[in-house]
Amino acid sequence: MATRQVYWNIEGEHWLYLFFIIALIFFGYGVYKRLSLWKLGKPENRWKDVWQGIKDILVYGFGHKRILKDSYPGIMHFCIFWGFVFLAFATAMITLQADFGLHIFHGWLYLFIKLTANFFGLLAILGIITAGFRRYIQRPDRLDNKTDDAITLALIFAILLTGFVIEGVRIAATPDPWAGWGFIGQWISIPLKASLNEAQLLSLHRFLWWFHLLLAMTFIGYFPYSKLFHVILGPLNMFFRHRGPIGIPEPIDFEDENLDTFGKSQLREFSWKALFNTDACLRCGRCQDNCPAYLSGKHLSPKRIIQDMRILMEETGEALKASQKLALSTQSADSESAASEEPVELPVPSLIGEVIPEEDLWSCTTCRSCEQQCPVFVEHVDKTIDMRRNLVLMETRFPAEAQLAFRNMENNGNPWGIGWTTRADFIKGLGVKTFEEDPSAEYLYWPGCSGAFDARNQKVSAALVKLLQTAGVHFAILGNDEKCCGDSARKLGNEYLFYSLASENIEVMKGYGIKKIITQCPHCFNILKNEYPQLGGNYEVIHHSVFLLELVKAGKLKFKNIAGKSVTYHDSCYLGRYNQIYNQPRELLKMVGLEIKEMAHTGEKSFCCGAGGGRMWLEEHEGERINVMRTDEAIAVKTDYVGTACPFCLTMIVDGIAMREVGEDLKALDISEILEMVI
């Protein structure tokens with residue numbers, strides 16, 4: 001029967017247990033240290049969906065669903081990961097027989113283990129070599145090499161190599177009828193058998209066996225102190241990841257009298273999960289490679305923010321421990337006086353300004369491309385918004401342009417500052433009634449501030465109204481009762497202003513009994529659909545790209561096809577990444593006969609227009625203009641139109657076309673305008 005002696009040529013193997021116990025002690029202490037750091041954060045319940053968490057580990061962890069989207073490093077990691085999975089399985093089977101007396105390491109299982117361990121071990125070695133070549137020869141910008149990276153790669157490579165050489169020495173020293181199943185060991189045995197005698201092979205085998213064991217125990221002990229820890233933390237972060245609609249900031253209870261700070265500027269103000277994120281980060285740089293702010297030459301790097309938080313967490317942990325020791329020594333010296341004093345704390349640097357530059361916080365467009373590309377689901381943007389809140393609500397420190405936008409929203413209910421009593425003028429001029437005039441309307445049409453006040457986007461409103469009227473949709477507007485949805489205020493950190501605007505809108509809609517809303521702005525769509533429920537506003541919200549497609553499919557809109565024209569569609573971040581609406585706008589454009597050509601960044605990897613996160617109201621003072629970079633991508637595909645489904649995106653691309661002076665060759669149109677052309 002196919003098998004072999006496990007501890008062949010080895011004496012004193014009982015010392016293995018001592019080494020293993022020592023390694024476990026180092027491992028356990030390392031885990032304890034990291035746990036103590038995460039516990040500096042506030043409690044947060046992330047155990048809401050256990051079964052979905054397990055599924056995510058299988059799909060994204062073992063299946064590498066996100067990792068493989070970046071094929072070169074993805075395949076490299078896949079080889080290393082599955083190499084170690086099969087080698088760990090082989091080691092477990094050997095241990096069960098040798099140390100626990102379970103005689104299962106024979107027959108077909110023995111041959112299966114030999115074959116898979118050799119095949120996947122070879123893949124792991126190739127993966128490690130590729131990783132070393134990529135990290136130290138190619139040196140892509142997104143990778144920052146540290147000593148730990150070199151140690152980790154060298155340690156894994158040495159473990160793999162010595163394991164196969166040990167097998168080769170054993171095959172060379174003693175006959176093995178099943179050697180062909182361990183083909184790598186068999187290859188290695190050929191030159192060894194030709195150059196060494198039996199005594200030399202036996203001595204070499206014993207030395208390498210103990211050396212390999214020492215490396216393996218070092219691997220276990222070093223694990224929680226190194227990048228290796230991501231093998232555990234990555235899947236755990238997948239398990240604990242946020243599910244459901246993304247990008248919903250934690251609400252602030254302004255009526256809570258015990259709340260003495262708003263927003264976050266200290267690590268201890270974040271939750272344990274936010275601190276856990278900083279350790280789960282692989283430093284792979286995918287977030288940085290897909291950040292429009294970083295790619296446009298700004299200082300902001302999502303990876304750097306997470307890593308700076310991790311470094312501060314380690315420093316903060318030591319400071320807090322020192323504070324506790326100082327408090328204890330004070331109490332022991334004079335217990336009575338010390339008991340009446342508050343615990344002593346050493347000063348801890350503020351995240352804002354001292355660790356993370358303020359300009360980095362304001363550069364973020366909240367497009368969440370960083371989070372979409374992160375293989376382990378690190379949550380970047382919410383941390384940025386929390387720190388913006390602290391600057392706005394506690395420090396009243398924010399860009400001057402934001403101050404103007406805030407004032408306009410406070411005084412006139414829109415960022416433009418146009419008188420609130422004129423909001424309904426344009427829309428009512430199209431023959432649209434208000435809910436006060438037509439309380440039986442089925443849908444509320446929400447044009448948003450752009451659709452009501454911005455001259456370019458008023459054309460979009462006119463096109464959409466015409467389409468709805470043509471299809472016989474029974475709708476009305478709020479008119480002057482509508483206020484800004486509050487998205488820009490919230491994303492810029494002014495949570496109180498958002499709360500005020502949203503509360504007013506919800507009360508008005510409750511008064512009219514509104515249940516269904518149509519909107520053309522993804523920012524309005526997202527906040528009405530996903531964030532208003534935090535304040536009791538629950539509605540069925542539909543974006544006009546989806547609604548128009550339904551009307552066309554139902555035969556309520558008849559049109560003639562556009563012949564010989566092409567379009568490139570720009571994915572709005574708040575429509576695509578936030579709400580997974582990618583295909584419907586494209587399907588609508590195809591139905592009218594347009595040829596669709598995709599830009600370099602499209603779908604999940606779409607490049608932000610630069611207006612999200614309240615950036616619509618801020619100037620770019622650093623690097624290139626993001627909207628111009630996106631416009632350049634549109635120009636490069638050489639189409640007749642750029643299709644959009646967002647008023648902010650439309651504005652930014654129209655400006656980009658004007659700056660590049662290509663208005664005669666390329667036109668930016670909302671999908672409702674394109675559909676209206678062919679009706």
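**View 1. K264 and D386 meet in a salt bridge.** In this predicted model, the side chains of K264 and D386 come together at 3.5 Å, N to O. The pair links distant parts of the chain, with K264 in the loop between α8 and α9 and D386 in helix α16, 122 residues apart. Both K264 and D386 are buried. K264 also pairs with E250, their closest N and O atoms being 3.9 Å apart. E250, by contrast, is exposed, with a relative accessible area of 52%.

**View 2. L391 in helix α16.** Look along residues 381-394 to find L391. L391 counts as buried because its relative accessibility is 0%, and under 20% is the cut-off for that word. From L391 to K264 the C-alpha distance is 8.7 Å, although 127 residues separate them in sequence.

**View 3. R490 and E531 form a salt bridge.** Here the closest N and O atoms are 2.8 Å apart. R490 belongs to helix α21 and E531 to helix α23, so the pair ties together parts 41 residues apart in sequence. R490 is buried at 0% relative accessible area, and E531 is buried at 0% as well. Salt bridges with shared partners join R490 and E531 into one network, whose members include E250, K264 and D386.

**View 4. Helices α4 and α5 pack together.** Their axes lie 10 Å apart, at an angle of about 145 degrees. The crossing is left-handed. Contact residues comprise 14 nonpolar, three polar and five charged.

**View 5. A nonpolar surface patch of about 840 Å².** Among the residues making this patch are W15, F19, Y32 and Y225. Y32 lies in helix α1 and is exposed, with a relative accessible area of 52%.

Terms used. Residues numbered from 1 in each chain as written. Predicted model: local features only at pLDDT ≥ 70, side-chain atom pairs only at ≥ 80, totals over all residues. Heavy atoms only, no water. Patch = residues over 30% accessible without salt bridge, like charges linked within 9 Å, V, L, I, M, F, W, Y side chains within 5 Å. Areas by Shrake-Rupley, 256 points an atom, 1.4 Å probe, with all protein chains shown as cover. Salt bridge = Lys/Arg side-chain N within 4 Å of Asp/Glu carboxyl O. Helix = DSSP H or I, 4+ residues; strand = E, 2+ residues; numbered from the N terminus. Buried < 20%, exposed > 50% of the residue type's maximum accessible area, 1.4 Å probe, protein only. Axes fitted to C-alpha atoms, helices over the stretch in contact; angles between N-to-C directions. Left-handed = near helix turned anticlockwise from the far one by under 90°. Nonpolar A, V, L, I, M, F, W, Y, C, P; charged D, E, K, R; others polar.
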